[in-house]
Amino acid sequence: KKFNEAEKILIELIDIYPNENSLTILLAYLYQTNKEYSKAVKFYTLLIQQPNINNNLLWQIYYRRGICYEKSNKWKKAENDFLKALEIEPEQPQVLNYLAYGWIEKNFYLEKSINMLKKAIKKNPESHYILDSLAWAYYKKNNLSKAVELMERVIDIAPGEAISLDHLGDIYLSLGRKREAYFMWIQALDLAEPEDNISENVQIKLEKYNEG
């Protein structure tokens, strides 16, 4: 809530301690969380160019810069950064999930994405985000029985996840369970945050349902 003050302090500290990478990481992340993605990318790039960054930090920086690129609709650059992160940490579940979900949304590499997500779930079996991605991949592959099983588990773990409720509605619709789909979409619309970016599409689905 005090973005400008935090930005000012960090910039002043970086001027005093230019080799202290932790300060630059904080500034980049500050810009990222404030949705100033181009500024975040600038500082993540400066960090990547540093010769003294250890691999445990480097994969995280590639991952975070990849998210900034993805949020800026620069998917190819995002994809490259996620792949770079996985070169360093091949089984990192967050990166596996983010890259796989990006591919699934674009109908790319569905089988490869499923294998990646299975690997991610072994590392983090209770992550509803990863389970959602895997369920959505099965939905895209038209394996609806597996998709509904996993997505219902997601809702059990995280009943307030608007995107997952929307996904489950789509799966129910494909199974012919129209009334259940409608109730999932109603909940999704009620719980959706602006950053979820689903409200308009959910509203269209509800209008189609109401039209019969």
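A charge is taken to sit over a ring if NZ of Lys or CZ of Arg is within 6 Å of the ring centre and within 35 degrees of the ring normal. The charged end of Lys 112 meets this rule over the ring of Tyr 109, 5.8 Å from its centre. Lys 106 likewise lies over the face of Trp 75, at 4.3 Å from the ring centre.

The model is predicted, so local features need pLDDT of at least 70 and side-chain atom pairs count only at pLDDT 80 or more, while totals for chains, interfaces and linings use all residues. Residues are numbered from 1 along each chain as its sequence is written, and side-chain values use heavy atoms, with hydrogens and water left out.

**Aromatic pairs**

Rings of Phe, Tyr and Trp (its six-membered ring) pair if their centres lie within 6.5 Å; planes under 30 degrees apart count as stacked, over 60 as edge-to-face and the rest as tilted. The whole structure holds twelve aromatic pairs. One of them, tilted, joins Trp 59 and Tyr 63, with 6.3 Å centre to centre and 35 degrees between the planes. These two residues lie in helix α4, four residues apart, about one turn of the helix. Helices here are DSSP runs (H or I, at least four residues), numbered from the N terminus. Both Trp 59 and Tyr 63 are buried, where buried means under 20% relative accessible area, exposed over 50% and partly exposed in between (1.4 Å probe, protein chains only).

Trp 75 and Phe 82 form another tilted pair, 6.2 Å centre to centre and 55 degrees between the planes. Trp 75 is buried at 14% relative accessibility, and Phe 82 is buried at 0%. Ring pairs link Trp 59, Tyr 63, Trp 75, Phe 82 and Tyr 98 into a cluster.

**Salt bridges**

A salt bridge is a side-chain nitrogen of Lys or Arg within 4 Å of a carboxyl oxygen of Asp or Glu.

| Pair | N to O distance |
|---|---|
| Lys 76 and Glu 79 | 2.7 Å |
| Lys 141 and Glu 111 | 2.8 Å |
| Lys 205 and Asp 170 | 2.9 Å |

Lys 205 lies in helix α12 (residues 199-211) and Asp 170 in helix α10 (residues 162-174), so their bridge ties together parts that are 35 residues apart in sequence. Asp 170 is buried, at 14% relative accessibility. Salt bridges that share partners also join Glu 152, Arg 177 and Glu 180 into one network.

Lys 76 and Glu 79 are three residues apart in helix α5 (residues 75-88), which separates them by about one helical turn. Glu 79 is buried at 6% relative accessibility, whereas Lys 76 is exposed, with a relative accessible area of 55%.

Between Lys 141, in the loop between α8 (128-140) and α9 (144-157), and Glu 111, in helix α7 (residues 110-123), the bridge ties together parts that are 30 residues apart in sequence. Both ends are partly exposed: Lys 141 has a relative accessible area of 40% and Glu 111 one of 42%.

**Helix α2**

Helix α2 (residues 21-33) has 13 residues and should span 18 Å at 1.5 Å a residue; its end C-alpha atoms are 18 Å apart, which agrees. The expected span is 1.5 Å times one less than the number of residues. Among the buried residues of α2 are Leu 23, Ile 25, Leu 27, Leu 30 and Tyr 31. What covers the buried residues of this helix includes α1 (3-16), α3 (37-48) and α4 (55-71). Just after α2, Lys 35 takes a positive phi of about 65 degrees.

Methods:
Contact = heavy atoms within 4.5 Å.
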